[in-house]
Amino acid sequence: MYLADSPGRAWDTRARNRAHRLERAASLANGRNVAPENIVALLEAVIEPGDRLCVEGNNQKQADFLSRALVQTDPSRVRDLHLVQSVLALPEHVDVIERGQVARIDFSFSGPQAGRLARLVESGRITIGAIHTYLELFARYFVDLTPQVALVAAQAADRHGNLYTGPNTEDTPAIVEATAFKGGIVIAQVNEIVDTLPRVDIPADWVDFTVAAPTPHYVEPLFTRDPALITETQVLTAMIAIKGLYAEYGITRLNHGIGFDTAAIELLLPTYAAELGLKGKICTHWALNPHPTLIPAIEAGFVQSVHSFGSEVGMERYVAARPDVFFIGPDGSMRSNRAFCQAAGHYACDLFIGSTLQLDLNGNSSTATKGRIAGFGGAPNMGADARGRRHASQAWLRAGREGRGDNPMPRGQKLVAQIVETFREHMEPAFVERLDAWDLAESAGMDLPPVMIYGEDLTHIITEEGIANLLLCRTPEEREQAIRGVAGYTPVGMARDRRAVENLRDRGIIRRPEDLDIDPRLATRDLLAARNIKDLVHASGGLYDPPKKFRNW
Amino acid sequence: MERFEIKLPAQPAGARRTALCGVVSSGNLEVLVERGGDDAACTIEVNTSAHGFREIWEAVLADFAKRHSAGGLRIAINDAGATPAVVSLRLDQAFETCRSDNP
Amino acid sequence: MSDVIVFDRLFGAGHGVEVHGHFVRGRAEVAGRPVAVIGTWDSAAVDGDLALAVSGAILEVVAEDAKRTGTPRPIVFIADTEGQELSRREELLGLNGCFAHVARCVDLARRRGHPILTLIHGRAVSGGFLAFGMLADRVCALPGAQVRVMDLRAMSRVTKIALDRLEGLAKESPVFAPGADNYWRMGAVDELWPEGGADWDERLAGALDAVLSASRTDGRAAVGAERGGRTLAAQVAATVLAA
Amino acid sequence: MKTKRVSYFEASARTRVAALVDEASFTEFCPPELRLTSPHLARLDAPVGFDDGVVVGRATVDGRAVLLAAQEGKFNGGAVGEVHGAKIRGLLERALRDKPEAVLLLVDSGGVRLHEANAGLIAISEIMRAVLAVQAAGIPVIALVGGSCGAFGGMGIVTRLCDEVLMSEEGRLGLSGPEVIETVKGVGEFDSRDRSLVWRVTGGKLRRALGEATGLVDDDAASFREAVIACLDRGITGRDALDDLEVLQAAQQGLQRRRERFAETRDGLEVWRSAGFPDPQAVPMLTADAFNTQLAGLQAEVQS
């Protein structure tokens with residue numbers, strides 16, 4: 001018979017601790033409702049030294065008011081924190097570290113603050129647990145990084161504390177579920193408190209406090225690419241992608257990166273791809289934010305379904321008016337969910353295609369540069385073969401056949417493509433012998449060089465020089481020459497073995513534009529279904545309302 | 001600015017007229033193609049704001065001369081940091097224009 | 001130098017030139033000959049109101065002289081401006097259009113036979129100078145006058161060319177650096193009045209005589225070429241004419 | 001034959017000229033092979049252009065002889081330097097001799113080129129005098145504004161000297177650019193990154209509503225061509241107006257009235273509202289045709 005080693009042990013210490021915290025906060029709130037001027041005191045009351053704290057924010061929605069409040073707390077009371085959150089994107093996220101209130105961070109992405117963060121790490125003022133992908137970090141919320149306190153952002157709350165997140169639900173459900181069901185405290189900043197919500201995204205009994213922020217939470221229009229800035233070279237690489245990859249494999253389920261290269265593909269669907277007779281045969285189902293550049297393809301009937309990580313500023317009315325395509329609630333507005341969409345991108349898509357700053361001779365790619373600790377957010381989950389996948393599709397099976405050769409056990413593979421120009425601006429080569437990620441790992445003392453997509457997951461590289469199919473390469477040497485063969489006039493490309501590359505071309509491993517019957521001189525901006533933001537507004541029937549900085553009318 | 005001139009052997013082009021393609025702006029260039037003296041060679045004068053890329057220019061221009069019969073052409077380039085992809089495209093456009101009848 | 005001293009030195013005692021804010025207006029005599037005086041004062045940032053005050057004054061002079069016989073009066077412009085007023089409202093209302101209107105009025109006066117002379121006192125900068133001062137038949141820079149588009153420090157910021165490099169090149173070339181003498185070398189200023197030189201009233205009379213005897217077409221490019229400060233303008237224009 | 005739309009905003013100066021004039025009718029003066037480049041740019045180690053950023057020549061439009069100059073906004077922001085300016089002035093002087101039916105100025109310029117600021121400023125003054133001289137000779141000058149740099153600085157003044165100003169809504173016309181105003185006066189005065197505001201303060205639809213632009217067309221080179229032909233058909237000239245004291249007195253009063261009427265106005269929305277547009281907020285999204293129809297239906301332009 002098993003005997004408990006401590007018969008008198010209490011099993012509800014978390015609940016009791018939670019009750020103490022709520023008791024300390026009681027005088028600062030009116031039920032769940034906290035006045036904005038009391039928020040700093042409330043944070044000081046509920047947060048305990050050493051807490052795991054999650055401040056919601058992504059590269060889109062930010063709990064910015066609560067972040068500003070956090071840096072006003074008394075460092076002698078709010079200290080030794082362990083930040084467990086998707087991004088360190090706002091200055092306040094790093095300010096709180098500089099104020100000495102944080103001992104450790106686990107996060108995914110730090111884009112705009114990457115330089116400051118790197119300096120803090122190098123000076124030993126902060127310890128990084130790990131830089132995760134979004135999905136990994138969410139997973140750890142439910143294993144060993146559960147927050148004690150979560151500060152989240154929502155569009156509105158009602159008097160009971162129910163939350164409406166509107167189209168930008170994003171990370172909120174994952175954070176709140178982990179926190180609320182493990183004795184934690186959830187504090188939500190909302191843009192307004194109303195009598196009746198359009199719909200309930202988070203039920204009130206998962207939320208402890210709501211505060212009406214003086215200004216609406218910040219949302220960055222991160223996924224808007226102005227078609228006016230798409231170059232002829234990007235049109236060319238888009239043509240190569242459509243003909244040499246999408247049409248070739250019959251890719252229907254996919255995810256796109258956020259660069260101009262993939263925006264060009266989106267804008268070529270109703271024109272170039274339609275002329276090739278590909279409507280209905282490719283690009284029907286997406287895991288993708290509502291990219292404005294996808295509007296013409298949606299209007300042309302190319303797209304059947306889009307599920308989104310988050311929304312995009314200005315796309316709300318358009319999305320709501322296309323409920324057949326997007327995921328729309330009974331209230332008529334979109335519901336996004338980063339965790340689910342990340343899972344969808346990983347398991348349910350046959351292709352990820354995106355861009356990078358650097359690719360090495362093994363096909364490893366990274367956007368990391370020395371002096372900046374940035375992380376990759378969700379890209380590694382999109383750009384990796386889903387080893388757990390067990391359902392078949394035509395594209396997945398073909399990639400598997402090509403990649404695994406004579407392996408007697410049939411198995412597919414996800415298509416993972418990088419689309420880059422051989423040189424970026426200022427003649428920076430995209431192909432390098434050694435990724436800057438190695439230097440960064442050394443200087444920051446990281447366990448792993450920050451690689452966005454590992455070479456073993458990469459299946460295709462597309463440049464203006466053509467497309468390389470790495471699946472068909474049988475030896476490491478072939479693979480290296482295939483990469484060099486599309487690296488153009490970069491030092492990596494110039495060092496290619498010309499005969500070996502011509503061999504690969506004969507075998508269809510490298511295909512030049514002319515091999516695909518593409519005339520680069522026809523790669524003009526005339527092919528774009530929209531040439532500027534205003535064209536997108538017209539294509540949307542006036543439903544798309546672009547942010548001010550993207551307008552020239 | 002960095003300036004240099006390259007002379008490459010090439011098959012006669014049969015150019016009919018002068019052609020100018022492209023505009024000098026950041027990441028772009030202009031290519032002026034004229035008929036020169038020597039039918040068996042192509043001379044190219046490069047004026048570029050990007051320093052230290054002569055080797056790449058030579059490779060791009062050699063491929064151009066290989067791709068087309070560029071003999072008898074005198075080409076002048078004003079460059080503001082264009083990538084090889086853009087350089088090749090402009091060269092091809094200018095070459096095509098100089099051999100056409102209509103401007 | 002106060003306006004009283006400047007105008008007394010230029011027009012002698014008893015002139016009727018007054019300054020209202022940044023606007024100069026009045027009558028005077030130069031060597032016994034009546035002239036109209038119009039201009040801007042005290043480094044004016046020329047806005048629409050000031051531009052329209054200038055154009056309105058020109059139109060008044062033209063209208064008055066149209067009603068009487070005799071030769072039209074010379075117009076003496078006083079240019080002292082730090083440039084155009086920078087404001088969103090002025091842009092919305094089309095400050096450029098006001099300046100174009102001023103230029104039309106200057107042109108009307110010229111074609112109606114009014115000799116036009118500009119005296120630069122203080123500063124003549126960019127748009128404020130373009131609007132009317134630069135359009136005269138003859139331009140004189142009073143001692144200490146500054147003429148420019150932009151100071152070198154700001155130019156260095158905008159063009160991203162190092163300041164010491166600009167300063168070095170400015171010694172060799174009149175083409176971009178501030179200075180009335182640079183504009184003289186390039187043909188846009190006709191007289192540089194020296195410090196402590198001859199009496200201003202005599203100089204002014206001489207300048208007016210020069211306007212009366214000179215051609216009324218724009219000869220600035222040729223003059224700039226003669227003085228070696230602007231060698232291409234005349235030549236390029238001639239190439240266009242000959243093509 | 002239906003021709004493909006050529007975005008005037010995106011097109012190069014040469015493409016604009018080709019789309020504007022009758023086929024094969026264009027003869028360039030000072031073509032690129034003459035290499036009339038700017039020695040001043042070269043001295044400052046900046047890239048030069050074989051045409052110094054402006055194309056000048058003669059052509060026919062719908063059979064009518066014109067002289068034209070087209071600035072290349074992508075080359076140094078279409079800014080005017082010594083050679084650039086002299087090409088335009090030479091063209092205007094040539095107009096006095098050749099007597100074309102019109103001179104077309106395809107303006108796309110931020111104003112003076114700082115690398116040769118003095119030469120540029122003087123050149124613009126010379127262009128102003130030359131435009132006035134051409135008009136005095138009975139030859140109309142037509143400005144076309146629809147490029148990425150708009151018409152600013154001295155070229156903004158030159159544009160307003162022209163007999164006709166044809167703009168697309170993408171075109172901008174003013175004196176000081178929003179970036180300059182923001183730098184000197186602060187973001188509160190003019191937020192240059194609020195592009196929607198920038199266009200409401202300087203863009204084609206505001207200029208047309210104020211009567212400063214005489215025509216508003218869509219961003220299509222063919223639309224600009226049609227509008228030029230319509231101008232030529234009307235047989236406009238500025239010569240009578242120029243010599244007419246009464247016309248300038250009326251213009252003076254008009255400009256003064258406008259300043260009184262819009263004394264506090266800092267946003268084009270108020271101009272559209274005041275002009276009587278039924279839905280001022282919707283004006284930015286109207287097509288040129290719809291805008292022109294609404295404008296024609298109003299009592300009068302807000303014109304001076």
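Arg159(A) counts as exposed because its relative accessibility is 57%, above the 50% cut-off for that label. In this predicted model, Arg159(A) forms a salt bridge with Asp195(A), and their closest N and O atoms are 2.9 Å apart. The two residues come from distant parts of the chain, 36 residues apart: Arg159(A) sits in the loop between strand E7 (149-158) and strand E8 (163-164), while Asp195(A) sits in the loop between strand E9 (185-194) and strand E10 (209-212). Asp195(A) counts as exposed too, with a relative accessibility of 58%. If you have chain A on screen, you can look for this pair by going from one loop to the other.

Now turn to a pair that crosses between chains. The side chains of Glu170(D) and Lys534(A) meet in a salt bridge, with 2.7 Å from N to O. Glu170(D) belongs to the loop between strand E6 (164-168) and helix H6 (178-185) of chain D, and Lys534(A) belongs to helix H19 (residues 533-539) of chain A. Are these two partners buried or exposed? Glu170(D) has 5% relative accessibility, so it counts as buried. Lys534(A), at 9%, counts as buried as well.

That pair leads us to the boundary between chain D and chain A. Here 14 residues of chain D are in contact with 14 residues of chain A. The two chains bury about 1400 Å² between them, and 45% of that area is on carbon and sulfur atoms. On the chain D side, Glu10(D), Arg195(D) and Met285(D) lose the most area to chain A, together accounting for 39% of what that side buries. Arg195(D) also has a charged partner across the boundary, since its side chain meets that of Asp226(A) in a salt bridge of 3.9 Å, N to O. Between chain D and chain A there are 6 salt bridges, along with 8 residue pairs in polar contact, counting pairs with both residues at pLDDT 80 or more. The side of chain D that touches chain A is made up of 4 nonpolar, 2 polar and 8 charged residues.

Next, follow chain D to chain C. In this interface, 82 residues of chain D are in contact with 76 residues of chain C. Together the chains bury about 6700 Å², with 64% of it on carbon and sulfur atoms. How many salt bridges cross between chain D and chain C? The rule finds 4. Glu90(C), for example, forms a salt bridge with Arg259(D), where the closest N and O atoms are 2.7 Å apart. Helix H4 (residues 117-136) of chain D supplies the largest share of the side that touches chain C, namely 13 residues. By class, that side has 42 nonpolar, 16 polar and 24 charged residues.

Staying with chain C, we can look at a group of linked charges. Arg68(C) forms a salt bridge with Asp65(C), the closest N and O atoms being 2.6 Å apart. Arg68(C) counts as partly exposed at 43% relative accessibility, whereas Asp65(C) counts as buried at 8%. Salt bridges with shared partners join Arg27(C), Glu64(C), Asp65(C), Arg68(C) and Arg73(C) into one network. Over all chains, a search of the whole structure finds 86 salt bridges.

Also in chain C, Val139(C) is part of strand E7 (residues 138-141). Val139(C) counts as buried because its relative accessibility is 2%. The C-alpha atoms of Val139(C) and Thr118(C) are separated by 4.7 Å, although the residues are 21 apart along the chain. Leaving aside residues up to four places away in sequence, Val139(C) touches Thr118(C), Ile120(C), Phe129(C), Gly133(C), Ala188(C), Val189(C), Asp190(C) and Glu191(C).

Our last stop is back in chain A. Asp457(A) lies in the loop between helix H15 (436-444) and strand E18 (460-463). This residue is buried yet has no salt bridge. Which side chain of opposite charge is nearest to Asp457(A)? That is Arg387(A), 6.4 Å away, and a salt bridge would need the charged atoms within 4 Å. A polar atom of the Asp457(A) side chain does lie 3.2 Å from the backbone nitrogen of Asp385(A). Beyond its neighbours up to four places away in sequence, Asp457(A) touches Gly383(A), Ala384(A), Asp385(A) and Val416(A).

Terms used
Residues numbered from 1 in each chain as written. Chains lettered and ligands numbered in written order. Predicted model: local features only at pLDDT ≥ 70, side-chain atom pairs only at ≥ 80, totals over all residues. Heavy atoms only, no water. Helix = DSSP H or I, 4+ residues; strand = E, 2+ residues; numbered from the N terminus. Buried < 20%, exposed > 50% of the residue type's maximum accessible area, 1.4 Å probe, protein only. Lys, Arg positive; Asp, Glu negative; His and termini not counted. Polar contact = N/O pair within 3.5 Å; in protein donor to acceptor, adjacent residues only side chain to side chain. Contact = heavy atoms within 4.5 Å. Buried area = accessible area lost by both parts, 1.4 Å probe. Nonpolar A, V, L, I, M, F, W, Y, C, P; charged D, E, K, R; others polar.
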